[in-house]
Amino acid sequence: MVAPHAVYVKNRNWVDYSPSVAVSWAMKYICKVKKDCSDRLHSTSWLTATSYSIKVIYQNLCDQIPKVNWHYFVWNRYTLPKNRVTIWLALHDRLKTKERLHRYGVTMDETCALCGHDTETSAHLFFKCHFSKECCSMVLAWLGFISSRNNLFTLLKWIHRYCKNSFTMKVVYAAVASTVYQIRKARNLAIWEQFVPSIACTVKTIQVTVKHRVMSIIVRNKGY
Ligand SMILES: [Zn+2]
């Protein structure tokens, strides 16, 4: 038996429908989504279209979202997923540095855990601190680059302009993301374990991690 409140009929068209109070929460939710889609698309023509594509509807909905200029820095398959999260937060200046925690009243100590001299802001932790400066320049030198950029976004933009080869660019993005992640990890070790890893050890970890990730993707692509 076809329910009088069916929202999907044999010819695969959505029918106009307002749920009664007696229908299930799932049915009410489906109707709410249908209404939300129509509102966002400013049209109900998709409900009576002869063919329906989730992809097309999704793309139409996404068109209303402004494109961001940092997506290729973060959503790079050569970058480890956990490193993507860290660099995404770093680009938005949302990592919980001591300076930020101090502003929230969580801690009284604002001093950088790696050098013990300056206030631990994102800018200091990733570019101005002696530890991170050395790590960053050693990693870039390993990849054949020299840069004095002291801001994550400007460094990544510089790489985007400077690298002509797409593969090289993605590997450098992965290395920068890994560097940010390892600096963050070293900072956490300094705070919670009272242990600061050496710069040489941190750089070695970054190199091994990036090499392993890149090789694993190349091997997967070649189907070995
Ligand atoms: Zn420092």
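The largest pocket is lined by Ala90, Leu91, Asp93, Ser122, Ala123, Phe126, Phe127, Asn150, Asn151, Leu152 and Phe153. Helix H4 (81-91), helix H6 (122-128) and helix H8 (152-162) each give two or more residues to this lining. This is a predicted model: local features need pLDDT of at least 70, side-chain atom pairs count only at pLDDT 80 or more, and totals for chains, interfaces and linings use all residues. Residues are numbered from 1 along each chain as its sequence is written, and side-chain values use heavy atoms, with hydrogens and water left out.

**Terms**
- On a 1 Å grid over the protein atoms alone, a cavity is a set of points where a 1.4 Å probe fits but cannot get out, and a pocket is an open set with protein on both sides within 12 Å along at least five of seven lines; lining residues have an atom within 4 Å of a point.
- Grid points are joined across faces, edges and corners, and a volume is the space filled by probe spheres set on the points.
- Helices are DSSP runs (H or I, at least four residues), numbered from the N terminus.

**Largest pocket**
- Its space is about 180 Å³.
- H6 provides the largest share of the lining, four residues.

**Cavities**
- There are two cavities of 30 Å³ or more.
- The largest cavity has a volume of about 40 Å³.
- Among its lining residues are Tyr78, Asn83, Ser178 and Arg213.
- H10 gives the most to that lining, with three residues.
- The second largest cavity holds about 30 Å³ of space.
- Its lining includes Phe126, Phe127, Cys136 and Ile183.
- H9 gives the most to this second lining, with four residues.
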